[in-house]
Amino acid sequence: MFDTVAMSRLTVAAPVGRMADVLRACTELGCVHIESYTNFEDGVKVGQASASDEANHISSLLAKVRAAISAFNPVNVDGPVPLRRVKELLEDSFGHELQTGLDLLDTHRDAEAELEVLDEQIHLLRRLAPLNMDLELLSGSDRVEVYVAETKKASKAASTFGALLSKVELASAPGIVAVACMPSEGAEVQMALGEMGGKPVQIPSMNGTPDEALKLLLAKRSEVEGTMFSASEDSQRWARNNGRNILAVHEYLTKEDEIHTAPTQLAVSGQAFALDAWVPTSKTNAVKSALKDMASHVEVEAFVNDHHHDDHDDHHHEPTPPVALENDVVSRPFELMVGLVGRPTYGTFDPTFFLMLTFPMIYGLILGDFGYGFIIFLLGLWLGTLPLAADPVAKNGVTILKWMGVWCMIWGFLFAEGFGFVWDNTGQMGDSSPLAGIYAWTYENITFPSFITDTLNMSYMHIPFHRATSSLNEYVLLSVYLGVAHLMFGFILGFINVARAHGLLAAFFEKGSWIIILAAGTLHIYGFLTTDQGVFDATPYAIAILVGVVCLIIGLAVFEKFGLAGGLIMGPIETFGLLANTLSYLRVMGVGVAGVKIAEVSITMGWDLMWSGGGILSIVLGLVLFIFIQAFALALGLLSPSIHAARLHFVEWMGKFYDGSGRVFTPIGGRTLHTEGQS
């Protein structure tokens, strides 16, 4: 759960004739990540994709299925389809059914395209209608040229043409002008129309007057529009009836296609081929058992990272294993957040479980309103019932949203905040609050031990915790303590990561120096806040800070390859950066208090106006203001705390230990979602 999945190197050699069998076995195993062959040698080259009739048929059918998925966006809400059923579909009527769907799609697209052409012609005829002339006359002939143009100066056409009027036939209507002339006067006519700012009008190839042609086109448009709507309804019905099968077939065909194209990743000679791959170490025995009867050589060797900063190590340039994550069903949705910053480097910590614990908790600490949290949780439940929730990514996002709602309700109860109201007897409702009795009991019976309050320098540690009023100082301190603890945990994870990869000495100078600086700096500032100690007094903690900075300079110079000058420059600069990282957690307090005040505005501007006794108008206006500002506060509460909580994790915390440069583990055949019985 906390580490990336351990990987082993798989090497397979077999006769060329067994290539398809080996690749199919690897696909069925569902755990073989093939490395592409790149070390070209004499007599050894990459293989070629299969050119058999079966391969071509699968490729062609897969292209059609992908087109259908792109067009119809099908969803599968009924679960995986048995593999046996998928094969029956492919052997039976699937091809015909798929073509029916694609034909409906073509009909819809053709109708759309025809409507566009008809709309252009209708618009053109409506421009020509004021002239009330036959379209044949406006089209001209071999002996007579006709020019039709739109212009805002149509009423000035006679004066503009002047003496040219005796040589041409002019017809005008508001916004449009038509001129018939001999070819010899064509240039002069065009110049006159240009002087009027005329824009040429294309004459459609139709008979009769514009009004007569317009009636025909409108009738045609109605017919084509009906065809389009009918095709659209049929397409939607087809997608609903066949969406599940389409997705299952697509998954099956994708796997089959990979089997036929996978030879392009293998090393092939005249008689044999070699496959280089990675498999999870836990699957070693299953892989050997599946391949031993097909291949002349099967070797699986566990990967050992022995770099330890030795640039001359013979293994330094070997590829590192791809990264697979292994989390339980509870924390797995938070892999979505880890993926936003890339896969962790192989052999390092997988932060998914820790993100599950701290991200929604910090989000809830910022928003801290049980009313908004309840709505967010209900929103997550509702989104989970929609077809889009069938998609794994959307499903994970909905789960995270529900976690955020739950933590928001927890903190909201501790803060006694709901929909901007304070629900104990100190709030807007006073003793009439329905929760006043509960909070009176919690205030009297639930308090933190004195040694905790004294140690943390917090004078108010009751429940409810009024973060925006009497407990604001404690809210500030809580934000800072959270930052110190969160960053310290990140540095500890970073220390373990570096120790694993490069040894304890490198870990001490690269990450241990930061732990010393953070711990000593926190204790030094704590002494300044709680005693008569000065900021620049030479306390043991101040000396420890200097020791930590020296260790950091050594770490940057030697282990991070900055050189002595780089270490001396960057060490002090990055030390101040740590201070900025810690103080960045004050955004928890800042954004949280701002959210409280925005929610309070809905009460002072809306709620109080409703109950001011000003009549129906005051009640209606107050209700509108209250609902509008509450909706704004909720929308802001969904967006702003999410961004800030994500930043605290992705930038401040994960920056202390996380390297997102790992390669994603992608076994041949991919992951099965819509097909049963296929790995």
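Contact, in these legends, means heavy atoms within 4.5 Å. The structure shown is a predicted model, in which local features need pLDDT of at least 70 and side-chain atom pairs count only at pLDDT 80 or more, while totals for chains, interfaces and linings use all residues. Residues are numbered from 1 along each chain as its sequence is written, and side-chain values use heavy atoms, with hydrogens and water left out.

**View 1. Tryptophan 653 and the largest nonpolar core.**
Leaving aside neighbours within four places in sequence, tryptophan 653 is in contact with Pro351, Phe354, Leu355, His486, Leu487, Phe489, Gly490, Leu493, Tyr585 and Leu648. Trp653 is also listed, together with Phe359, Ile362, Tyr475 and Val588, among the residues with the most contacts inside the largest nonpolar core, which has 65 residues. A nonpolar core is a set of buried Ala, Val, Leu, Ile, Met, Phe, Trp, Tyr and Cys residues joined through side-chain atoms within 4.5 Å, where buried means under 20% relative accessible area, exposed means over 50% and partly exposed lies in between (1.4 Å probe, protein chains only). Helix H11, residues 352-367, gives the most to this core, with 11 residues; helices (H or I, at least four residues) and strands (E, at least two) are DSSP runs, numbered from the N terminus.

**View 2. The packing of helices H16 and H20.**
Helix H16 (residues 472-502) and helix H20 (residues 587-610) pack at an angle of about 140°, and their axes are 8 Å apart. Axes are lines fitted to C-alpha atoms, for helices over the stretch in contact, and angles run from 0 to 180 degrees between N-to-C directions. The angle makes H16 oblique to H20, since angles under 35 degrees count as roughly parallel, over 145 as roughly antiparallel, 65 to 115 as roughly perpendicular and the rest as oblique. On the H16 side Leu472, Tyr475, Val476, Ser479 and Leu482 take part, and they meet Val588, Met589, Gly592 and Val593 in H20. The residues of this contact divide into 7 nonpolar, 2 polar and no charged, where Ala, Val, Leu, Ile, Met, Phe, Trp, Tyr, Cys and Pro count as nonpolar, Asp, Glu, Lys and Arg as charged, and the others, Gly among them, as polar.

In helix H9 (residues 284-291) the buried residues are Thr284, Val287 and Leu291. They cover an arc of only 70° around the axis, which puts them on the same side of H9; the arc is that of the directions from the helix axis to the C-beta atoms. These residues pack against strand E1 (7-15), helix H1 (19-29), strand E10 (272-280) and strand E11 (297-302). In H1, the buried residues are Met19, Val22, Leu23, Ala25, Cys26 and Thr27, and what covers them includes E1, strand E2 (33-34), H8, strand E9 (267-268), E10 and H9. Glycine 30, which follows H1, has a positive phi near 70°.

Asparagine 73, in the loop between helix H2 (53-72) and strand E4 (81-82), has a positive phi of about 50° although it is not a glycine, and at 58% relative accessibility asparagine 73 counts as exposed. Asparagine 132, in the loop between helix H4 (94-128) and helix H5 (135-139), has a positive phi near 50° and is likewise a residue other than glycine; asparagine 132 is exposed, with a relative accessible area of 55%.

**View 3. The surroundings of threonine 675.**
Threonine 675 belongs to strand E14 (residues 675-676) and, at 4% relative accessibility, counts as buried. Not counting residues up to four places away in sequence, threonine 675 touches Pro80, Val81, Leu83, Val86, Ala248 and Glu251.

**View 4. The surroundings of phenylalanine 377.**
Phenylalanine 377 is placed in helix H12 (residues 370-383) and counts as partly exposed, at 24% relative accessibility. Residues up to four places away in sequence aside, phenylalanine 377 touches Lys402, Gly405, Val406 and Met409. The C-alpha atoms of phenylalanine 377 and cysteine 408 are separated by 9.2 Å, with the two residues 31 residues apart along the chain.
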